[in-house]
Amino acid sequence: MRKHFLLAAIFLFSSTLFAEQANLIFRESYRLADVQNLVMALNSENVEIKNFRGYKVTVEAFSNNTSRSPVIKRANKSIIIEHSKEHFYKADYCNLIIYIPYDYKLNSFEYISDSGNLSAEEIWSDKVNARSNAGSISFENLISSDTLSISTTKGKIKISKFKGEYFELTSESGAIQMNKVQAEYFNASSGAGQVFINLENAPVATSQIKTSRGNITVELPASENFNLQVLSNSGTFRDNIRDVRKSARGEHDFKYNDGGALLILQTSSGDITLE
């Protein structure tokens with residue numbers, strides 16, 4: 001009796017989750033054993049990744065123009081999604097929704113886009129590589145066993161929670177925001193955007209946050225052991241851990257508690273805040 005109830009509940013949940021929506025042009029589900037990598041090379045398609053309780057990966061595509069449907073195929077235990085080569089108009093749109101079961105681990109997550117946005121709930125993958133020209137990239141919960149690399153030209157990078165060994169974030173003119181970060185070491189840089197990173201632990205190897213024109217804010221537990229180097233041509237350095245405020249011009253070196261790995265905060269024009 002209980003088994004029948006659970007099966008009915010799963011069916012009802014799945015039916016609601018994958019309910020028919022307007023302009024649905026593609027839907028396909030894949031066994032987890034056949035999906036170890038997710039590879040996307042897109043143009044202006046927006047991608048949303050959602051998590052659910054299930055045993056398959058499902059891909060849906062929505063568009064007001066059927067010729068805008070991306071090419072979706074499976075090969076070598078990978079789901080490969082590529083933008084359509086057909087001509088389309090500015091009024092045309094295409095949105096992708098990918099459903100991945102909770103706690104399912106990928107070998108690799110690859111995303112390249114020209115102007116589309118990527119929004120993901122939870123991704124767990126050995127390697128994560130995401131690139132966008134004019135679109136934003138957002139993860140709610142990101143776990144990377146190996147490396148995380150994200151870069152944008154104009155778009156914003158936002159990660160609400162991250163756990164991994166190393167990450168590298170780069171944006172030419174977009175803001176970078178990371179919360180609840182657990183990482184051993186990292187590099188983050190923005191040409192003309194603000195950088196905010198909330199660290200739950202101090203790095204164990206040399207790490208750097210750099211901007212050309214923008215403020216840097218780093219949150220770090222006061223009990224952590226690390227060395228800090230502040231470099232700036234202008235602006236103010238605010239150390240809210242020690243309640244210190246001074247000009248950031250030049251080079252300044254600090255030791256916190258017993259000292260440790262070096263954290264470098266550098267900006268050509270902007271304020272630097274540690275709290």
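These are my notebook entries on a predicted model of one protein chain.

**Entry: overall picture**

I began with the fold elements. The protein chain has 23 strands and 1 helix. I then looked up the extent of the C-alpha atoms. Along the principal axes they fill a box of roughly 60 × 50 × 30 Å. The chain has 275 residues, and 44% of them are buried. I took the surface next.

**Entry: nonpolar core**

Which members of the largest nonpolar core touch the most other members? I found Ile49, Ile98, Phe109, Phe139, Phe167, Leu169 and Leu228. That core holds 61 residues. I followed up on Leu228. Leaving out residues up to four places away in sequence, I noted that Leu228 touches Phe237, Phe254, Tyr256, Leu262, Leu263, Leu265 and Leu274, among others. The neighbours of Leu228 also include His252 and Asp253.

**Entry: salt bridges**

I counted 5 salt bridges in the model. I looked up three pairs by name.

I started with Arg27 and Glu60. Their side chains meet in a salt bridge, with N to O at 2.8 Å. Arg27 lies in strand β1 (residues 24–31) and Glu60 in strand β4 (residues 56–63), so the pair ties together parts that are 33 residues apart in sequence. Is Glu60 buried or exposed? Glu60 counts as buried because its relative accessibility is 0%, and the cut-off for buried is under 20%. Arg27 counts as partly exposed, at 30% relative accessibility.

Next I checked Lys105 and Asp126. Their side chains form a salt bridge of 2.9 Å, N to O. This pair also links distant parts of the chain, with Lys105 in strand β8 (residues 105–113) and Asp126 in strand β9 (residues 118–132), 21 residues apart. Lys105 is partly exposed at 35% relative accessibility. Asp126 is partly exposed too, with a relative accessible area of 23%.

Then I went to Lys50 and Glu48. The closest N and O atoms of this salt bridge are 3.9 Å apart. I noted the cut-off here: a salt bridge needs the nitrogen within 4 Å of the carboxyl oxygen, so the pair counts. Lys50 is partly exposed at 24% relative accessibility. Glu48 is partly exposed as well, with a relative accessible area of 34%.

**Entry: Lys77 and Ser78**

I moved to the loop between β5 (71–75) and β6, where Lys77 sits. Phi of Lys77 is near 60 degrees, a positive value in a residue other than glycine. Lys77 is partly exposed, at 41% relative accessibility.

Ser78 belongs to strand β6 (residues 78–82). I noted Ser78 as buried, with a relative accessible area of 9%. Which side chain does Ser78 join in a polar contact of 3.1 Å? The partner is the side chain of Asn37. Not counting residues up to four places away in sequence, Ser78 touches Asp34, Asn37 and Lys73.

**Entry: Asp103**

Is Asp103 buried or exposed? Asp103 counts as exposed because its relative accessible area is 54%, and the cut-off for exposed is over 50%.

Conventions:
Residues numbered from 1 in each chain as written. Predicted model: local features only at pLDDT ≥ 70, side-chain atom pairs only at ≥ 80, totals over all residues. Heavy atoms only, no water. Helix = DSSP H or I, 4+ residues; strand = E, 2+ residues; numbered from the N terminus. Buried < 20%, exposed > 50% of the residue type's maximum accessible area, 1.4 Å probe, protein only. Polar contact = N/O pair within 3.5 Å; in protein donor to acceptor, adjacent residues only side chain to side chain. Contact = heavy atoms within 4.5 Å. Core = buried A, V, L, I, M, F, W, Y, C linked by side-chain atoms within 4.5 Å.
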